[in-house]
Amino acid sequence: MLPSPQLLNQVKNFIQEQGKFSYYCLFLLGKEAGLRVREAVKFDLNLKKKSNLYSIHGKKHKKRAVFIDPSVISELKQNNWKPNQTNRFSFVHYLQRVKKELNIAANIELTPHTLRRCFATYQANSGMPLPVLQKVLGHSSIRTTALYWKDSEDPREKVISDQWLTGKIPKEPPKTIENKPQEPPKLPVKENNWKINLFIQNNPANSQQKFLTTENQALKEKVCF
């Protein structure tokens with residue numbers, strides 16, 4: 001079971017009060033930015049691409065740009081964050097000690113990956129589309145992203161995640177087709193039209209115009225009567 005936002009805030013305050021600043025920064029990068037623990041350990045403040053976007057080296061050396069909230073960046077700077085200050089194994093063991101000291105129930109998760117799952121779940125519940133969340137988390141498959149949302153207690157959200165997991169993505173409603181104005185009926189082709197075309201090919205422009213005027217008048221009279 002994922003911890004509640006209130007419990008996560010309690011854990012964050014406990015880490016900060018203990019003065020474990022490197023772990024405190026890792027906690028923020030996992031909970032507030034959804035970084036993998038390895039990505040958080042290697043996070044470099046100097047890899048800023050543009051406003052609030054930072055370059056992250058993900059799995060298999062894949063790079064992506066991730067939005068980091070300015071408040072998180074401010075906390076990292078105040079605590080003199082540097083990449084590779086600690087490692088993921090020591091952070092895992094530290095969170096286990098925190099769980100024990102705070103008497104957190106055994107069925108409630110508290111690992112570095114828990115922080116990433118909490119970020120994904122809360123973002124999805126807040127309305128972030130799964131394809132967007134997929135890009136933020138750096139997943140190669142959207143089904144992996146849907147798994148983060150599958151344990152939601154809201155049955156409506158579970159239905160949506162199951163649709164992504166099974167590949168049955170909801171279809172968009174069909175577009176309404178506007179009624180186009182009907183074209184006016186075409187006059188029947190007359191038998192002597194071929195005579196006009198043949199005459200045009202063999203006569204100069206002035207003769208053509210005069211002949212066509214006479215023939216058109218005759219055609220109009222036939223149509224009218």
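Student: How many cavities of 30 Å³ or more does the structure hold?

Tutor: A cavity is a set of points on a 1 Å grid over the protein atoms alone where a 1.4 Å probe fits but cannot get out. The structure holds two cavities of 30 Å³ or more; a volume here is the space filled by probe spheres set on the points, which are joined across faces, edges and corners. Please keep in mind that this is a predicted model, in which local features need pLDDT of at least 70 and side-chain atom pairs count only at pLDDT 80 or more, while totals for chains, interfaces and linings use all residues. Residues are numbered from 1 along each chain as its sequence is written, and side-chain values use heavy atoms, with hydrogens and water left out.

Student: Which residues line the largest cavity?

Tutor: Lining residues have an atom within 4 Å of a point. For the largest cavity, with about 50 Å³ of space, they are E39, K42, F43, D44, L47, S55, I56 and H57. Strand β2 (residues 53-57) gives the largest share of this lining, three residues; strands (E, at least two residues) and helices (H or I, at least four) are DSSP runs, numbered from the N terminus.

Student: And how does the lining of the second largest cavity divide into nonpolar, polar and charged residues?

Tutor: Ala, Val, Leu, Ile, Met, Phe, Trp, Tyr, Cys and Pro count as nonpolar, Asp, Glu, Lys and Arg as charged, and the others, Gly among them, as polar. The second largest cavity, of about 40 Å³, is lined by seven nonpolar residues, one polar and one charged. Among its lining residues are L26, L35, R36 and F91, and α2 (21-33), α3 and α6 each supply at least two. In the largest cavity, the division is three nonpolar, two polar and three charged.

Student: What is the volume of the largest pocket?

Tutor: Unlike a cavity, a pocket is an open set of points, with protein on both sides within 12 Å along at least five of seven lines. The largest pocket here has a volume of about 740 Å³. Of its 27 lining residues, R36, E39, G58, K59 and K60 are the closest to its centre. The lining divides into five nonpolar, eleven polar and eleven charged residues.

Student: How many salt bridges does the structure hold?

Tutor: A salt bridge is a side-chain nitrogen of Lys or Arg within 4 Å of a carboxyl oxygen of Asp or Glu. The structure holds four. In one of them, R64 meets E39 at 2.9 Å, N to O. That pair links distant parts of the chain, 25 residues apart: R64 lies in strand β3 (residues 63-67) and E39 in helix α3 (residues 37-41). Another joins R117 and E109 at 3.0 Å. Through shared partners, salt bridges join R36, E39 and R64 into one network.

Student: Are R64 and E39 buried or exposed?

Tutor: Buried means under 20% relative accessible area, exposed over 50%, and partly exposed in between (1.4 Å probe, protein chains only). Both R64 and E39 are buried. R117 also counts as buried because its relative accessibility is 12%, whereas E109, at 28%, is partly exposed. Of the 225 residues in the protein chain, 34% are buried.

Student: How many disulfides does a search of the whole structure find?

Tutor: A disulfide is a pair of cysteine sulfur atoms within 2.5 Å, and the search finds zero. C25, at 0% relative accessibility, counts as buried, and C118, at 1%, is buried too.
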